[in-house]
Amino acid sequence: MKSLKNDLHVLTVITPTIGRDILDRQIQSIDTQTVASQIFHLIMWDEKRIEGAKDPESYNGPNRYSMVLPWGLGRYKGAPGSSLRAVALMAANTTWVTFADDDVVWKPNHAETMLRAANGYHWVSCLREIYAPGSGTRFQEQGRGERLGIDRFESVGDDPNRSVPYEMIDNNCMLFNRILGVHAAHLYRLIEGPGDDRHFYAYMKQHAGPLVRTNRATIEHTCPEHLVEFFRQNCSKE
């Protein structure tokens, strides 16, 4: 098997997936980054797949590799993707690491903006634009629906201006030093349900030093159907 080590890569992107067709849209956005040659993409699979999903190996290339966990080692109780993130954090070998779920699209300068901001720090966050799922011919090309606004509440951590009482930064909105990710990987195997990003954020806040924020919405995230009204009510419209 070809070695995954390449000294040209500085950022590993971790994507848990069940093989939805929106994965191809996400991959295209990563491949067209202004610093695409510096990015290595780990696509993480378990036994949960949608019908008609592509063969994981079909995604392999010089800058991308599919890692498939053996059957039965996927989700832990009600925590989808938990073991996939934990294993990927241990496997990553670049200086920087970030998460990108398969329903996320990066704007062309996202990776470069995050890496520049991270210089001299151990973690950095961005904002995200939230979209409803696409339906009908109007949204078929984009693969998404109505723009709901910018998330300034679940992507901002302890920002005192957040509109929710809790602190968190969505997994997709953080870039962090690999060593910290390795030390935090066990958290993803302890959690039995949704909310792993809150635990990861709490760990980073305690151990990673000052958080630097880009304050720019450089990713586009299509939310699940059942959260459309939640984001519609809470997102900023600007």
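This is a predicted model: local features need pLDDT of at least 70, side-chain atom pairs count only at pLDDT 80 or more; totals for chains, interfaces and linings use all residues.
Take cysteine 126, whose nearest cysteine sulfur belongs to cysteine 173 and lies 4.5 Å away. Cysteine 223 is in no disulfide either, and its nearest cysteine sulfur, on cysteine 235, is 8.0 Å off. Cysteine 223 is tucked away too, at 5% relative accessible area, and so counts as buried.

Glutamate 220 belongs to strand 9, which covers residues 212–222. With a relative accessible area of 14%, glutamate 220 falls under the 20% limit and therefore counts as buried. Setting aside neighbours within four places in sequence, the contacts of glutamate 220 include Lys107, Glu129, Tyr131 and Arg144.

Next come the aromatic rings, which form eight pairs in the structure. Phenylalanine 99 and phenylalanine 200 have ring centres 6.0 Å apart and planes at 80°, so they pair edge-to-face. They sit 101 residues apart in the chain, with phenylalanine 99 in strand 4 and phenylalanine 200 in helix 6. Both are buried, and together with Phe176 they make up one aromatic cluster. The ring of phenylalanine 99 also has the charged end of arginine 85 sitting over it, 5.8 Å from the ring centre.

Phenylalanine 153 and phenylalanine 231 make another pair, this one tilted because their planes meet at 40°, with centres 5.9 Å apart. Phenylalanine 153 and phenylalanine 231 are both buried. Elsewhere, arginine 198 has its charged end over the ring of tyrosine 166, 4.2 Å from the centre.

Definitions and conventions
Residues are numbered from 1 along each chain as its sequence is written. Side-chain values use heavy atoms; hydrogens and water are left out. A disulfide is a pair of cysteine sulfur atoms within 2.5 Å. Buried means under 20% relative accessible area, exposed over 50%, partly exposed in between (1.4 Å probe, protein chains only). Helices (H or I, at least four residues) and strands (E, at least two) are DSSP runs, numbered from the N terminus. Contact means heavy atoms within 4.5 Å. Rings of Phe, Tyr and Trp (its six-membered ring) pair if their centres lie within 6.5 Å; planes under 30 degrees apart count as stacked, over 60 as edge-to-face and the rest as tilted. A charge sits over a ring if NZ of Lys or CZ of Arg is within 6 Å of the ring centre and within 35 degrees of the ring normal.
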